There are 2 protein chains.
Amino acid sequence: MITIGRLADYAGVTIKAIRHYHERGLLAEPDRDASGYRRYTARHAVDLVKIRTLAGAGVPLARVRDLLDADPDALASAITAIDRDLRDRIAELRRTRGHLAQLRGGDQLFVAPDVAAFLDDLRALGVSERQLRLERDGWILMRTASPADADAWIAEKRGLLAEPGFRALYLDHDAAFDWSPDDPRLPGLADRTRAWFAAHHSATETRPVHNPAIARLAAQPEASSPAWDRLARLLRG
Amino acid sequence: MITIGRLADYAGVTIKAIRHYHERGLLAEPDRDASGYRRYTARHAVDLVKIRTLAGAGVPLARVRDLLDADPDALASAITAIDRDLRDRIAELRRTRGHLAQLRGGDQLFVAPDVAAFLDDLRALGVSERQLRLERDGWILMRTASPADADAWIAEKRGLLAEPGFRALYLDHDAAFDWSPDDPRLPGLADRTRAWFAAHHSATETRPVHNPAIARLAAQPEASSPAWDRLARLLRG
DNA sequence: CTTGACCTTGCCCCAAGGGCAGGGTTCGAC
DNA sequence: GTCGAACCCTGCCCTTGGGGCAAGGTCAAG
């Protein structure tokens, strides 16, 4: 005939939890002694550990109550299902650990793997951090707008990046962000850009790298560049 | 400029959750369009995925809020702590899977390993299921009363069980449970019991196997045996 | 011009207990 | 015999992370 505190210690739970299980009908209320204290038997201890095992596996208490007086077959199949769920949750936590590791380092976390790879390529190329953020945000927007298109476009863009001429052009555009809109190099850059696309990719839908609409959407404070605006006008006209 | 629904899809959360994060101050409220709809930027998407990663790792939202604008060093050390916690929880879930597997089969779950081993010994000996339950409940009570004593006693009892004479005596006591209190075999059993303890273990504290006080505590409806009561009287007198 | 899919705020609801108030009990020490 | 510490009792409100639903406004397509 043990008290609630001893039972709680034995099962590794709080007194409050035991009373909670009584309220929920999971654990039978024991007899009381002369002064109204609950007096438990070993039966209760057995039941309580059973409850804790199921609850510890994440089974809702209402379901635990049902399982406690289910027939052995139903219990066995329920345990199989619970175990499967447990395995899934372990896998999920492992995945979360992976995400967490990435949260340390960069922004791979926030984008699809193909976009992350593309950003890595750009970083290796020596592209500015501002431009990387711009690209990252642009792809996020694109993916919310149209995941399938985004997949196709990113593949195409990674292909383009394999060509030395395009790489040079990309870096020039990156550098041009900070130029004055009157910079004398701008018309030449526009010409080279147009020439390259005409020579290499007239058949594709690919637009010049810095799609202003997307850039503007991506990041209000940073994305405005007078030089880029002029460049866009030069390319259009 | 994406809507709340699109953002929710991108991040794999519900609209309700996003609004919840606004209320909690985790995610900045975006600007509204002409009709009062929230309009999000890629910034928000990045922040939201960050929030989900931390929340998915079990970090309380209040703590997530603090981490979001903590300096990189603080964030890094927090991530280390979170990762450690995650590892612990994976280990814990694995342990739970083990417990669950035992819940399928027997009563090993509810008792300490040494007691489980003792019960296995008894089962191998051919002891009745009733007696096994009685032993199990008795040890549970003993352990709540005094874990250290229980450890010592169980070791002693396993030692006794290695001796053939004791094993025979134990089985006889088990069988006697159902006898009539007038059964002519009882006095003989009492004599043999006393003789065996006198010969083998006069120095130890060990009492005859069926300590009536414990047996009565262990299980009210089953533990009452007129034959055992008589046996106890014979052993005392 | 309507229909369905979207968005808004506001309210209450859930699980699984935790915390605290305000009281009674028991046990060992002095 | 009485004091304090450590228990126990009930009852009530609080928390976390949202879910559900109501009652309405909006938007895009047919």
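**Conventions.** I number residues from 1 along each chain as its sequence is written, and chains are lettered from A and ligands numbered from 1 in the order in which they are written. In this predicted model, local features need pLDDT of at least 70 and side-chain atom pairs count only at pLDDT 80 or more, while totals for chains, interfaces and linings use all residues.

**DNA strand D.** I looked up the residues near this strand (C-beta atom, placed from the backbone, within 6 Å of it). I then looked up the helices (DSSP runs of H or I, at least four residues, numbered from the N terminus). At least two residues each come from α1 (4–11) of chain A and from α2 (15–23) and α4 (61–68) of chain B.

**DNA strand C.** Here I also found 18 surrounding residues, the closest being S35(A), L61(A), T3(B), G5(B) and R38(B). α2 (15–23) and α4 (61–68) of chain A and α1 of chain B each give at least two residues to this surface.

**Helix α1 of chain B.** I checked which residues of 4–11 are buried (20 or more other C-beta atoms within 10 Å of their own C-beta, placed from the backbone). They are L7(B), A8(B), Y10(B) and A11(B). Viewed down the axis of α1(B), these buried residues fall within an arc of 160 degrees (directions from the helix axis to the C-beta atoms), so they line one face of the helix. G12(B) follows α1(B) and has a positive phi, near 70 degrees.

**Domains of chain A.** The assignment (automatic or from a database) lists domain 1 (1–69), domain 2 (72–104) and domain 3 (107–236). The C-alpha centres of domain 1 and domain 2 of chain A are 26 Å apart.

Notes
Buried ≥ 20, exposed ≤ 12 C-beta atoms within 10 Å, placed from the backbone.
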